Amino acid sequence: MSSLPVNQQSSPFNSPTDLDQWVSEVTALTEPTAVHWCDGTAEEAQALTSALLAAGDLETLHADYPGCHLYRSHPNDVARVEHLTFVCTQSQADAGPNNHWLPPAEAHARMDSLFKGCMRGRTLYVVPYCMGPIDSPFARCGVEITDSPYVVLNMRLMTRMGAAALNRIRRESKFVRGLHSTGDLDPDRRFIMHFPEELSIKSFGSGYGGNALLGKKCHALRIASWQARDEGWLAEHMLLVAITNPAGETHYVAAAFPSACGKTNLAMLIPPASMPGWTVRTLGDDIAWLHPGTDGRLWAINPEAGYFGVAPGTNASSNRNAHDMVRSDTLFTNVALTEDRKPWWEGLEGTPAIDWRGQPYDAEKGPAAHPNARFTVSALNNPVYANEAHQAGGVPLSAIIFGGRRRSLAPLVCEAADWTHGVLLGASVASETTAAATGAVGVLRRDPMAMKPFCGYHFGDYWQHWMNVGAKLANPPRVYHVNWFRRDANGRFIWPGFGENLRVLAWILERVAGRAGAIETPIGRMPTPDDLPLEGLPIDPASIEELLAVDADDWRAEFEDLRREFNSYGDRVPAEFHARIDMAITRLGAQSSQA
Ligand code: GTP
Ligand code: SPV
Ligand code: MN
């Protein structure tokens, strides 16, 4: 690995380009000791790993985990920071009430004063990456400049990083510029700023996840959603999965659930033994870019090439694929260790000895692994990675599923009557907060399309854009809402979830094929217990009834709340939302007067 002193730096470009110009400007501002252009090779990753090990920033693990390492982030830097994340557009109205906003000039000034001299004594890494298959017309490139070798290793696993991306950037004029420094990890000097009009990102003071791996939430969702609005497509917080039924028919499905609400698990689902002949393969577990095709269908790619997955809860019975996938060449962050240095988290067998902070485990001090502990691993490690993930044109969607983590109200599954109703179902998502972001956990909040923290522009415009995309689709995917997280009076999950979720997916795909039944309810079409394939599932009929119940009073209150919610976004909200809510409330009124 060659890192050159600043005065000798030379880019792999033959002639000065925008990229060289930008790298020189950043170098002058941040004053690194060396500049390193990343090529993405295994040798480079090995050299970075060795340097991190020598510095004590990475730890080796038990020999049963070849190529795996443990990283512990600063204890104050363990999750996304939504209150410190800004969208800086010329007009505040364009960022919308769903985003924190600063005028771009003020945001740049604030960030540049933080970046000034911040890389003294450090190496500046130039990380060229491509989001999406390298030959895909839907893929988009970016360059992240960072002073964190841990970020470089993550970007190499999560994106198509290195020489091939640099070649594409050399050919194209446009790329997203992401400037990142861990700074001094002072939470009072931590900001994640987005400039969608300039296709740029500045992130300072965090080395963790979505704050620091700029290709992921910052580029592939916040900046990309803005570009997608302008260019007629959608950038979404969705998994992407191929499901094949016993007759050999394959359907592609995208599903949006909020952070830590089950995307990775659904994307890698293992069919229950009582559903022989079904197979599920993963295209993506977190982000999907959706393009209307000339055939009137909606086509999807996964812009990522790896997973930054939630570790706690992952085990051989919940998700054997993920469990097996992280046995080699995986970077663990903030997990615990057993006595013999195996990675450990809540939900695994065995006993933790060292907690996520590196201290002897003491149950009194909280969980052994941080609740937002993660694994970073290449998708190539996934035993059920779908070949179609490499297709330049993507895959056509049969269904889009929205869902949230709701202990009450939202039923197991419900089908939209049409695209407009589907967009309303997506915009209505609410979910209990999780450890993926700092702040209270378990608080119900609206998270439209699971994009509350990630939509780079005004939600009203975004919902209207969803309507506009639908208008271009002669053959749109059907839209559904699911909830795996209903709880009983004792706080236990009523639905077994995980592999058993395939039963709901099977009903959905049978609906798409025109073979499964449903009844009309005021909130949408729903299966009766007989319509769901429940053979071999030990669950009592009363629980199924409860999972499929629609309480008229509770739903009327929900729609009144939604009306207030949409009103807070003003007149940019699609007029159809209000009409559909009025219709639902009228139907609910009729239902309760019949009862
Ligand atoms: P991000 O990476 O944060 O976007 O999250 P994600 O949506 O990929 O969430 P993930 O699949 O990692 O699941 C998060 C947590 O939810 C884990 O602790 C899982 O064990 C749990 N979980 C996932 N699916 C189910 C389910 O069907 N039922 C229940 N009860 N829990 C689930
Ligand atoms: C999420 O929070 O939705 C994640 C993890 O997928 S992070 O990369 O930190 O955003
Ligand atoms: Mn996510």
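**Close-up views of a predicted model**

**View 1. Strand 17 joins strand 24 (residues 395–403) by 2 bridges, and the two run antiparallel.** Ala-300 stands opposite Val-395 in strand 24. Strands are DSSP runs of E with at least two residues, helices are runs of H or I with at least four, and both are numbered from the N terminus. Two strands pair if DSSP finds at least two bridges between them. The model is predicted: local features need pLDDT of at least 70, side-chain atom pairs count only at pLDDT 80 or more, and totals for chains, interfaces and linings use all residues. Residues are numbered from 1 along each chain as its sequence is written, chains are lettered from A and ligands numbered from 1 in the order in which they are written, and side-chain values use heavy atoms, with hydrogens and water left out.

**View 2. Strand 16 (residues 288–292) and strand 17 (residues 298–301) pair in the antiparallel sense over 4 bridges.** Trp-289 stands opposite Ile-301 in strand 17. The two strands form a hairpin with 5 residues between them, and Gly-296 in the turn has a positive phi of about 80 degrees.

**View 3. Lys-217 (NZ), His-237 (NE2) and Asp-286 (OD) coordinate the manganese ion (ligand 3) at 2.2 to 2.4 Å.** Donors are N, O and S atoms within 2.8 Å of the metal (3.2 Å for Na, K and Ca); water is not among the atoms, so sites may look incomplete. Along the chain, the donors follow the spacing K-x19-H-x48-D. Lys-217 lies in helix 8 (residues 215–231) and His-237 in the loop between strand 12 (234–236) and strand 13 (238–244), 20 residues apart.
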